[in-house]
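Me: Hi! I have a structure open and would like to talk through a couple of its parts. Could you help me read it?

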Amino acid sequence: MDLAYLRAHPQQLPTFLKHQRVRETPVSGGSICTASRLTFDTGESVFTKSFANPPDGFFAAEAHGLRWLREAGAVPVPEVIAELPDLLALEWIEPGAPSARAAERFGRELAALHRSGAPGFGAEWPGFIGSLPMDNTVSTGPWADWFVTRRLEPYLRMSDCFSGSDRASLSRALDRVGDLAGPAEPPARLHGDLWPGNLLWGADDTAWLVDPAAHGGHRETDLALLGLWGGVRHLDRILAAYREEYPLAEGWRERVPLHQLYLLLVHTALFGGAYRESVMSATMRFV
């Protein structure tokens with residue numbers, strides 16, 4: 001088997017893993033999936049993610065998102081080679097080191113991706129973020145209402161680490177989203193889970209988007225998530241290049257914690273109290 005054959009016969013990948021000479025090397029892939037590099041006799045490689053008994057549509061959602069982001073022709077996105085219910089095989093990207101030049105190029109490319117737009121807020125396929133369902137019911141807006149009902153309230157309901165006073169503060173914060181949202185903008189084509197770990201710096205001196213929770217949303221969300229947990233390398237260069245290409249509305253810096261609250265609540269829903277303080281700290285910055 002080689003890469004061309006796998007592209008033409010993706011459903012046969014599990015059979016070939018059992019019966020053919022394919023070298024499988026474990027790689028870092030996060031806490032949910034098991035990740036490997038498969039290398040064929042030809043020297044070609046693919047990246048695979050597997051998940052025993054995943055929720056229905058788990059890998060289909062990621063494959064939809066990768067293809068949708070790739071269709072924009074803006075930011076490098078790995079090709080989907082094979083999509084199976086419990087496994088996803090993607091183009092192998094040789095990892096490299098972040099550089100200022102790659103960061104500036106990524107800022108311009110991310111602006112082009114966001115400009116390519118979306119039919120509405122949400123997506124045309126059921127979504128996941130981590131192992132959690134993500135309600136992608138499409139809405140024409142306003143964005144603030146959609147963001148509260150589809151991206152904040154669901155993960156707040158799933159989180160059991162907040163006290164009564166915490167929830168009162170969070171409720172006040174959610175009530176203020178409409179007032180703090182800034183000028184109305186059309187839906188942007190988002191990665192949707194763009195924390196620093198989901199930006200892969202390639203050996204080709206290029207930044208690649210991986211592990212998306214893709215949907216139509218507000219472009220400031222992607223930018224805000226890049227600043228979480230220490231921030232992506234060369235964030236200042238990314239933002240400067242982005243803003244040259246696609247200027248941001250006044251007050252965007254003050255809205256960063258509002259947009260970050262989405263992914264922080266996802267983490268309290270997934271991992272519990274370890275992220276409670278981060279949620280409350282972000283909330284206090286705009287309540």
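Reply: Happy to! Helix 10 passes helix 11 in a left-handed crossing. Keep in mind that this is a predicted model.

Me: Thanks! What classes of residue make up the contact of helix 10 with helix 11?

Reply: By class, there are 6 nonpolar, 3 polar and 1 charged residues in that contact.

Me: Which residues are they on each helix?

Reply: Helix 10 brings P257, L261, L264, L265 and T268. On the helix 11 side, they meet R276, S278, V279, A282 and T283.

Me: And at what angle do the axes of helix 10 and helix 11 cross?

Reply: At roughly 160°, with the axes coming within 9 Å. Helix 10 covers residues 256–271 and helix 11 covers residues 276–284.

Me: So are the two helices roughly parallel or roughly antiparallel to each other?

Reply: Roughly antiparallel, because angles over 145 degrees count that way.

Me: Nice. Switching topic: what is the strand order in the open sheet?

Reply: The sheet has 5 strands in the order 1-2-3-5-4, and the pairing is antiparallel.

Me: Which strands stand at the edges?

Reply: Strand 1 (23–27) and strand 4 (80–84). Each has a single partner strand, so one side of each has no neighbour in the sheet.

Me: How much are neighbouring strands turned against each other?

Reply: By 20° on average, ignoring direction.

Me: Back to strand 1: how many bridges join it to strand 2?

Reply: There are 5 bridges, and strand 1 runs antiparallel to strand 2 (residues 34–39).

Me: Which residue does T25 stand opposite?

Reply: That would be R37, in strand 2.

How values were computed
Residues numbered from 1 in each chain as written. Predicted model: local features only at pLDDT ≥ 70, side-chain atom pairs only at ≥ 80, totals over all residues. Heavy atoms only, no water. Axes fitted to C-alpha atoms, helices over the stretch in contact; angles between N-to-C directions. Helix = DSSP H or I, 4+ residues; strand = E, 2+ residues; numbered from the N terminus. Parallel < 35°, antiparallel > 145°, perpendicular 65-115°, else oblique. Left-handed = near helix turned anticlockwise from the far one by under 90°. Contact = heavy atoms within 4.5 Å. Nonpolar A, V, L, I, M, F, W, Y, C, P; charged D, E, K, R; others polar. Pairing = 2+ DSSP bridges.
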